[in-house]
Amino acid sequence: MEGLLTINNVWMMICTGLVFFMHLGFALLEIGLTRQKNTINILFKNLFIITMGLLLYCLLGFNLMYPGEFNGFIGFAGFGLSSPLVDGSLDLAYNEGYTYWTDFLFQGMFAATAATIVSGAVAERMKLNSFMIFVILYVGIVYPIAGSWKWGGGFLDEMGFYDFAGSTLVHSVGGWAALVAIWLLGARIGKFKDGKIGAFPGHNMPFATAGVIILWLGWFGFNGGSVLSADPELTSLTLVTTCLAAASGGVSSFLVSTIMYKNYDITMFLNGILGGLVGITAGADQMSPTDAILIGAIAGAIIVFGVALIDKIRLDDPVGAVAVHLICGIWGTLAVGLFGKLAGFDQFINQLIGVACYAAICIVGSFIIFYLLKITIGIRVSAKEETEGLDMHEHGMDAYPDFGLNQH
Amino acid sequence: MEGLLTINNVWMMICTGLVFFMHLGFALLEIGLTRQKNTINILFKNLFIITMGLLLYCLLGFNLMYPGEFNGFIGFAGFGLSSPLVDGSLDLAYNEGYTYWTDFLFQGMFAATAATIVSGAVAERMKLNSFMIFVILYVGIVYPIAGSWKWGGGFLDEMGFYDFAGSTLVHSVGGWAALVAIWLLGARIGKFKDGKIGAFPGHNMPFATAGVIILWLGWFGFNGGSVLSADPELTSLTLVTTCLAAASGGVSSFLVSTIMYKNYDITMFLNGILGGLVGITAGADQMSPTDAILIGAIAGAIIVFGVALIDKIRLDDPVGAVAVHLICGIWGTLAVGLFGKLAGFDQFINQLIGVACYAAICIVGSFIIFYLLKITIGIRVSAKEETEGLDMHEHGMDAYPDFGLNQH
Amino acid sequence: MEGLLTINNVWMMICTGLVFFMHLGFALLEIGLTRQKNTINILFKNLFIITMGLLLYCLLGFNLMYPGEFNGFIGFAGFGLSSPLVDGSLDLAYNEGYTYWTDFLFQGMFAATAATIVSGAVAERMKLNSFMIFVILYVGIVYPIAGSWKWGGGFLDEMGFYDFAGSTLVHSVGGWAALVAIWLLGARIGKFKDGKIGAFPGHNMPFATAGVIILWLGWFGFNGGSVLSADPELTSLTLVTTCLAAASGGVSSFLVSTIMYKNYDITMFLNGILGGLVGITAGADQMSPTDAILIGAIAGAIIVFGVALIDKIRLDDPVGAVAVHLICGIWGTLAVGLFGKLAGFDQFINQLIGVACYAAICIVGSFIIFYLLKITIGIRVSAKEETEGLDMHEHGMDAYPDFGLNQH
């Protein structure tokens, strides 16, 4: 029925827009949690990711990720987009949930997200040129091949691994690369000094907060669109589990961090919300409201300990990307075996195997890219540039040039 | 027809997302109109409201507000969510306009709004702990019981009181509590001194403006979703009346304030838009475009005089919440008896009775909560904390920590 | 089928909301790219445009733009809105893609956009009163008459001129007025001094970036809604071409400006994205993905040279509005004759004629308005006001009043 395709496609286009909007959320969160002197650099990286990411996904990513019939590990349906035609018009029987064009665009918006996660982790010290090359290779090649293993119908899909909207396929894929990157990059100057952990407060909490609220809204599309149709029961259940997990993640993170640090720390609240969202993403369509609240609450606690852990092992992650996207991504993926309709020992093992396979491809893939960049053009800016800020050196501009000049 | 449910449900999910997005609007408006030193505190409160509000609405609010068959005053359908099933699947015959899950989430997003209104009014001087307890009790208990009187099919609904999307049920419910709170709290230090009214300009007009535009957009969902289906005539008429009232509210407020104060005051323009939106909310589906423009224009004028009145009676409302949400909420509710399809003497009396009943429950409910808090743990921060800012004292952080450090 | 109308109308209402949201994008972009001391003035203008624009479009614009049967040059169906009725209810047979109310509101949101484009170009030096009068006349009269020539079924529509979503009808209409305005206004003090071009960096790059991302999102509605239904093939193709053109516009502008100026200039990246969006707008439903990428890439290059050209001819356009909206608007309109399904010599000539006709009405219309304003109440603020900032003089406020007061 064409009417149903039209409805489904409307929903999927809206979700596409919402996932696109997440890029503003990421950008505001990342600049909010970092220092003013690197603001333009982060914004620039995010603009590059979304624009180049879409072009790459059009050029090759879509056909790497959804190769059709393939060996389950890697396949490629050719460069560029080739819309399925019937009698010269777009074949609307392509899928009852969306058109070919919507399919491409929705998935394209997802593709860029993985790189955005890395952007936050490497902030304030990575060379822009190297980062851009990383984005091209990771978004263009690693992400879609990894994605094909499950969403493209590859071997992990055959095996029974479940990842509804990408706790692993998107968030951990970004998170592993973030982990490798910050390990190879090293900490920002002054972060770990004389056995102490330096405080590098972000420069704009309203931006960080706005970023998280926008990300939460974007997750309506990220998870809601992953139903791949407007099915009323599944889409609405998904929105409920998504929002409840976000809420309980935030509250849990706030409570745990308040107990531990005797302080109402807004960055923990923010990352707790994100942790809840990442955690629910793998099974958002499989959980009851109670499951969702529990998954979110555990994710919120994980955030507090995860952020402390990353600090403890002397890795410098300015925005908490590894705790949010990698650790909560793994948690959410495993939670599919522990909660909800799919829960069971076999499923849990499947989830573990999936996590391990993605760890392998992402660690290897990102290590090769970052390591080759490190030994060739370098990945880290000079100490002078880092101290004075990447904005002045890479962009010749200040993000807020005349602030304070006409104050009273 | 399942297709129609799917369409309706898509619309309702979108509206749910838009109402959620209003929380960013409120947060930006409130921090924009207050001083920099209390920014994190306000953001934190807003995060708490949306997360805890959703959890509470899941735990008990939804079933207090929509208890099914009840005595018309108070009823409770039990803790938690219990989705209606048929043959083990969600009963899609629950409502032709939305699924059970969408119903919960849409109403849950509304619930938190009432508390957000209070957040702005008590800004810059209320203890965070006390505010959080207030939120739990007011959003968890008072709001849903009050809501059941009309939207839950209670006695005011039986009587013929009309409130389409919540000029009274949401905005006045928040507004009355705001009024009680600022009366019990007292004015900020220096606000009323030697018979003069101190000027406390907000610290960020772009945030305030962005907040209002986001709120306007959110109102597409707030009013548009209150149709409770995607009925093409009603939803589109509602968006037209909503937007025209917002526009005429803004223009009217701007003109009246310019005439009175010989100054193009952007905060009046902003609050005029909000006043128009609150004013149209009770009857957005009943009005013609001309009615909507008149209702908005009167609301815009009310804002200018309302803000002056609050100052005159020595109440300190940093963001104008009482004028916007309470006074324009009452205006909009009464306007249903004066304009549009329901206009008439009997309806006007019904509206008056409704306003009075909500005044009663909200004043009593919020007074009890705030008064008990005041005589126990206290509701007001110390003078030192207020002067130095709540951000440093409650959160140990500054909202913009390194602004200005690397200026030229 | 009522179901199909309901779906289509839902899509059109969402698109209406997205086009409305573009006003926040424009506001943030414009304040981001200008100096802090004129921030409130710009925000105020944008609030005025959207509110007064909607009211004017309701009063007369809609009926000037869509007069029904008319002579093809000018027609008027009467003041106010008059919804088509059948048996006392709204006639749902009005159009299968939307109701009468949605039609008005969607087109009303477009109407204000043209004036917003001018707002950016005249920023930091134009009198607010004069600007508001300009808005009333240009949005109220010139825009809808010009629009009727094509979208109202006028002589250019008869002739075969094509402009899908307004590269010419919206963007160039704004762009021509911007060009006339900055020519009559003159440059800001210090912009062109001793043969050199002064640098006036904008005060807030995060706002500018957020503005562009919001505008891109808004374009989902601007172009997606211009299909005038939720037709799955056309809407989804349109979103794909729109996003690919934006992406390639940004990347192209970034590459060209980096080659020319050896600097990663974020404002070029931002304006390149906008240039790509404006460029694809005239033919977004006619292009293949490859066409879209090419059109966007050329638009991105045009931005770099266009901005330099405007500077070279000593016109002062603080936000690059002429390059983005006028030059890329013309490019996009001509591109319909060069790329995609309509490409051909005859179509190219039709496009040229269309561009010329809009140039004529817009240059003449805006010149008359601005010239009359200039010789009567004046269009330019005093040198003192310009130097000290329009915010303090026109609004008696600072946009960020207490920033820096409580820094450590």
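Trainee: What percentage of the 408 residues in chain A is buried?
Mentor: Buried residues make up 71% of them, where buried means under 20% relative accessible area with a 1.4 Å probe, protein chains only. Keep in mind that this is a predicted model, where local features need pLDDT of at least 70, side-chain atom pairs count only at pLDDT 80 or more, and totals for chains, interfaces and linings use all residues. Residues are numbered from 1 along each chain as written, chains are lettered from A in the order in which they are written, and side-chain values use heavy atoms, leaving out hydrogens and water.

Trainee: OK, and what does the C-alpha trace of chain A span?
Mentor: About 65 × 45 × 45 Å along its principal axes.

Trainee: Switching to chain B: where is Gly80(B)?
Mentor: Gly80(B) sits in the loop between helix H2 (39–65) and strand E1 (85–86) of chain B. Helices (H or I, at least four residues) and strands (E, at least two) are DSSP runs, numbered from the N terminus.

Trainee: Is Gly80(B) buried or exposed?
Mentor: Buried, since Gly80(B) has a relative accessible area of 18%.

Trainee: Which residues does Gly80(B) touch?
Mentor: Cys58(B), Leu59(B) and Asn63(B), if you skip residues up to four places away in sequence. Touching, or contact, means heavy atoms within 4.5 Å.

Trainee: And how far is Gly80(B) from Leu60(B) in space?
Mentor: They are 6.1 Å apart, C-alpha to C-alpha, though 20 residues apart in sequence.

Terms used: Buried < 20%, exposed > 50% of the residue type's maximum accessible area, 1.4 Å probe, protein only.
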